[in-house]
Amino acid sequence: MDTQSQKLKRAWITRRRNGNDIPWNKGLTAKTDKRVAKNVELSTATIRKQYANGRKNDIQHTSKALKKQTETKRKRGTIITPVKKGGTHNWGGKISEAMKGERNPSWAGGLSPSQYPREFNVRLKERIKQRDNYTCQRCGISGIECLKKVGRKLVINHIDFNKNNCKENNLNTLCSRCNIQINQDREYWTKFFNEKIKQIYA
Ligand SMILES: [Zn+2]
């Protein structure tokens, strides 16, 4: 039997496939919709249970936890400065002017949310970076060095240059510079990376 959240997730995926990106609960509240009310009740019960089992407020803000977050993010090459209390997320904040509309890098003429398939998601990309030890598979620069020197994060490259081929053996980690440079000889680098990746999956 599926849990309620699994059911909702599947329904959401189906709607996305059909081109409907509006969340099922948009504009609904616990007062106007039974399903919303039920979800609010469930999540409240979960949090109550966590507190009963000793959950502390703002677990992620203890200095130990912040240190751990800093370490992890540094390893991933996503930050340089330490994670500060309250400094990591700003869910309620406004999207900055620089990231609005067509200035947003993910903007694509308002037609499609992404030129990549949905399976090419954060989780997959993170898995590939981890597999590649957070280093560029061409020049060997680490994620943190890349961020310091180039000011950019490591990226995931499609070895055969086909954005729809998201098999793990077609993906590898590159720094943004190498990711641009390999375009000058695609055939060579496809062959080169294919040889390299074969060793990983041998
Ligand atoms: Zn590189």
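## Starting at Cys166

With 19 C-beta neighbours inside 10 Å, Cys166 counts as partly exposed; on this scale a residue is buried when 20 or more other C-beta atoms lie within 10 Å of its own, exposed at 12 or fewer, and partly exposed in between, with C-beta atoms placed from the backbone. Cys166 sits in the loop between strand 1 (155-158) and strand 2. Leaving out residues up to four places away in sequence, Cys166 touches Pro117, Glu119, Phe120, Leu124 and Leu171; a contact here means that two C-beta atoms, placed from the backbone, lie within 7 Å. Tyr116 is 50 residues from Cys166 in sequence, and their C-alpha atoms are 9.2 Å apart in space.

## The model and its confidence

This is a predicted model, in which local features need pLDDT of at least 70 and side-chain atom pairs count only at pLDDT 80 or more, while totals for chains, interfaces and linings use all residues. Residues are numbered from 1 along each chain as its sequence is written.

The protein chain averages a pLDDT of 81, and 79% of the residues score at least 70; pLDDT is the predictor's confidence in each residue, from 0 to 100.

## Overall layout

The protein chain holds 7 helices and 2 strands, taken as DSSP runs numbered from the N terminus, with helices being H or I of at least four residues and strands E of at least two. From the N terminus on, the order is α-α-α-α-α-β-β-α-α. Of the 202 residues, 12% are buried. Among contacts with a separation of 6 or more, 55% join residues 24 or more positions apart.

Helix 1 (residues 4-17) has 14 residues and reaches 20 Å from its first C-alpha to its last, close to the 20 Å expected; the expected span is 1.5 Å times one less than the number of residues. Helix 1 is hardly covered, with a count of 0 buried residues.

Helix 3 (residues 63-76) also has 14 residues, and the 20 Å between its end C-alpha atoms agrees with the span it should have. After helix 3 comes Gly77, with a positive phi near 80°.

## The largest nonpolar core

A nonpolar core is a set of buried Ala, Val, Leu, Ile, Met, Phe, Trp, Tyr and Cys residues joined through C-beta atoms within 7 Å. The largest one has 10 residues: Tyr134, Cys136, Ile141, Ile144, Cys146, Leu147, Leu154, Leu174, Cys175 and Cys178. Helix 5 (residues 143-149) gives the most to this core, with 3 residues.

## Two positive phi values in one loop

Most residues other than glycine have a negative phi. Asn133, which is not a glycine, has a positive phi of about 60°, and Asn133 lies in the loop between helix 4 (122-131) and helix 5. Tyr134, in the loop between helix 4 and helix 5, has a positive phi near 55°.

Are these two residues buried or exposed? Asn133 is exposed, with 12 other C-beta atoms within 10 Å, whereas Tyr134 counts as buried, with 20 C-beta neighbours inside 10 Å. Tyr134 is also one of the residues of the largest nonpolar core.
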